[in-house]
Amino acid sequence: MLDILSDKSLFRRQCLINGQWCDADDNSVLAVTNPANEEPLGTVPKCGAAETRRAVAAASAAFPAWSALTPLQRGAYLRAWEQAIKDNLEDLAKILTLEEGKPLAEARGEILQGASYFPWFAEECRRVCGDVTPSFRPGTQALTRHAPVGVAAAITPWNFPFSMLPRKAAPALAAGCTIVVKPAGRTPYSALALAELGMRVGIPAGVINVLTGDAAAIGGEIAVNPTVRKVSFTGSTEVGKQLAADCAPTLKRMSLELGGNAPFMVFDDADLDKALDLAMGSKFRNAGQTCICANRFLVQSGIHDRFVDGLAARVKALRVGNGLDPDTDMGPLINARAVERVDAMVRDAEAKGARLLVGGHRHALGGNFYEPTLLTGLKPDMRVFQGEIFGPVAAVMPFVTEEEAVALANDTSYGLASYVCTRDLARTWRLFGALQYGMVGVNDATLAAAETPFGGVKYSGLGREGSSEGLLEYMETHYMLLGGL
Ligand code: ADP
């Protein structure tokens, strides 16, 4: 397996604490498998609370010197890290595909997207200016400055094992924080490779620490440890709520990027071909395993049948296979449990009257592969309407009026991404106000960018990543009142 890497030392199988690669205290390990063929990829240390306490202490010891650097100096490290990522793109893409399953082209895209957070925050941290507020009382002057919160922790998911890390580490380090990272147990190697590159470009010991292992033990220690002042988590709503409860006694700042249930609305006046291209990208990227994937296709009655016909042809044309094969459009799901979940949702929809137009079953390739699926007759009582599908299943329902579409779109406890295909400017503006979502893509579905605030409302989470807001999530505002002037 390692033979396909040109630099095998990027494939790190140990944790990073205080600049040292290390094993778990008791030498226990977790096994990691390739979702495409279920073959073992290797092991990583199974760390717990004790190793986490050491990593937090290392991050805390590194904080004074790191936060005392100028933004320009910290930014130089981030830029060097970005360059190292670009220089190792092919190996990083292969590691990502091996552990996560997505096609290599998607893996490259994820890595470059992730890398783009480094230069953005290297630039942005130079512009974190305080205010001098007009005096509110004679003889006084009020001033503010922004300071890093201290030690931050990042807990990242398996579906974007690479890009979720820069999204958190770049603003944290740019702000002057040091960080403890826990990647998902199923996909730890991208984060470890990234840490290896961080060490190569000379990021000081303790500024970034990476722990693999027992999620509840590591997460539990992160939550209760009073030295950790900020937790950024991307994952399920269920775990996010638990983590928020666990962090309450130590009152940490939190960013939570949780689940979604994105409506993808197509109006009669939409550009059909464009809508179909966007629908395919939004639904089938990463085999439907993204938190901003289109989850419910709401299609106006005048364009519904043409949209369904066009989508069916495109879904049938998708080539399913191992992500390392350049001809593959869609890889496997992450594991057998994911396949079971998705299949159960399709069976539920079928039982409640949905029509299967394409796919709808486990793929002939077996293992973790599922057929790209299109079903029509979606209804609000179906599980595919109510919850995150997290699989390659497009479910379509018709609507008649804009009001009806908005009511359906908002009929969920989630509020992350939403999509609208229309050429009507006034409608666009109305929907921007009416949709209860943190993000709306109008005639475009690629929302994540370093420059823009990514995040949700309702049960989709708290806080924003990217943009200037993403930096302030790792900073406190300090206010000074000067009297007696
Ligand atoms: P998913 O179901 O998509 O894997 P999870 O929310 O379970 O999403 O996982 C997201 C991240 O949270 C992973 O890194 C996982 O290991 C971690 N995690 C899972 N359980 C806990 C927990 N109790 N405390 C902290 N982190 C956890």
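Buried means under 20% relative accessible area, exposed over 50%, and partly exposed in between, with a 1.4 Å probe and protein chains only. This is a predicted model, so local features need pLDDT of at least 70, side-chain atom pairs count only at pLDDT 80 or more, and totals for chains, interfaces and linings use all residues. Residues are numbered from 1 along each chain as its sequence is written, and side-chain values use heavy atoms, without hydrogens and water.

Start inside. Threonine 373 has a relative accessible area of 0%, which makes it buried. Threonine 373 belongs to strand β15, residues 373-376; strands are DSSP runs of E, at least two residues long, numbered from the N terminus. The side chain of threonine 373 reaches the backbone nitrogen of glycine 360 at 2.8 Å. Beyond its neighbours within four places in sequence, threonine 373 is in contact with residues including Phe284, Val315, His361 and Pro392. Contact means heavy atoms within 4.5 Å.

Now the cysteines. A disulfide is a covalent bond between the sulfur atoms of two cysteines. Here the cut-off is a pair of cysteine sulfur atoms within 2.5 Å. The structure holds 0 disulfides. Cysteine 129 is exposed, at 56%. Cysteine 247 is buried, at 1% relative accessibility. Its closest cysteine sulfur, in cysteine 177, is 15 Å away, again too far.

Leucine 481 sits in strand β20, residues 475-482. With a relative accessible area of 39%, leucine 481 is partly exposed.

Technical notes:
Helices (H or I, at least four residues) and strands (E, at least two) are DSSP runs, numbered from the N terminus. A polar contact is a pair of N or O atoms within 3.5 Å; within protein, one must be able to donate a hydrogen and the other to accept it, and residues adjacent in sequence count only if both atoms are side-chain atoms.
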